[in-house]
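Dear colleague,

I am handing over the structure below, and I would be grateful if you could read through it alongside my notes. The findings follow after it.

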Amino acid sequence: MTESPYRVSDVMTHTVVAVGSEAPFKEIVSLLDEWKVSALPVLAGEGRVVGVVSEADLLLKEEFRDTEEGDLADRVKAGGVTAGDLMSTPAVTVHADATLAEAARIMARRHVKRLPVVDGVGLLQGVVSRSDLLKVFLRTDQEIAEEIRSTVLGHLPFTSPLTVNVKEGVVTLGGSLPDRTLVPVLARAVRAVEGVVDIRLDLTHR
């Protein structure tokens with residue numbers, strides 16, 4: 001069983017469709033439809049990611065079909081006919097050893113749904129999507145409870161055991177703590193376990 005924190009490599013899609021910079025507009029649209037994805041990595045050379053072409057990039061052609069108003073850069077892109085013309089560059093990417101939290105923050109900050117996963121020299125290794133990041137919440141309650149007992153409670157200096165109950169990803173901890181200052185420490189450690197939806201504390205302390 002994989003233990004927390006999960007890495008991008010644990011959940012990413014390894015089979016990836018990508019295009020070269022000379023791929024024509026209609027081929028890109030066809031691939032997006034065939035593979036049911038919203039964006040494609042654009043590759044150069046031996047597989048280095050140089051950009052990403054998305055539905056949003058392609059839709060500029062329709063947006064500016066009957067007007068010459070609007071942002072100049074967008075209007076220029078709307079006239080593009082190949083992936084190299086249309087792509088957003090530099091590509092927003094993530095490394096395979098990044099945590100899922102790191103990948104989620106990149107997606108949120110850069111307003112993207114999918115991230116190409118690259119190695120140390122920028123070569124494509126896979127793709128991770130929002131739905132991939134949510135896979136950790138498919139862990140069973142039993143798996144989550146076992147990890148909390150072994151990797152969290154098993155490393156804290158408690159003289160009396162704590163109880164762990166997990167239902168639908170919500171963790172309830174019961175028992176007695178020797179010091180109330182340990183409560184936030186314990187809560188942070190449990191919340192860091194992948195698949196935890198929320199925490200309920202039913203603890204007493206001396």
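Helices (H or I, at least four residues) and strands (E, at least two) are DSSP runs, numbered from the N terminus. The model is a predicted one, in which local features need pLDDT of at least 70 and side-chain atom pairs count only at pLDDT 80 or more, while totals for chains, interfaces and linings use all residues. Residues are numbered from 1 along each chain as its sequence is written, and side-chain values use heavy atoms, with hydrogens and water left out.

I begin with Ala 23, which sits in the loop between β1 (19-20) and α2 (25-35). Ala 23 counts as buried because its relative accessibility is 7%, where buried means under 20% relative accessible area, exposed over 50%, and partly exposed in between (1.4 Å probe, protein chains only). Leaving aside residues up to four places away in sequence, Ala 23 touches Ile 28, Val 81, Thr 82 and Ala 83, contact meaning heavy atoms within 4.5 Å.

Lys 36, in the loop between α2 and β2 (39-44), has a positive phi of about 55 degrees although it is not a glycine, and Lys 36 is exposed because its relative accessible area is 66%. Glu 168, which lies in the loop between β7 (163-167) and β8 (170-177), likewise is not a glycine and has a positive phi of about 55 degrees.

Strand β5 (residues 114-118) pairs with β6 in the antiparallel sense over five bridges, and Val 118 has Leu 124 in β6 as its bridge partner.

Finally, Leu 134 is found in the loop between α7 (130-133) and α8 (141-152), and Leu 134 counts as exposed because its relative accessibility is 52%.

With kind regards

Definitions and conventions. Two strands pair if DSSP finds at least two bridges between them.
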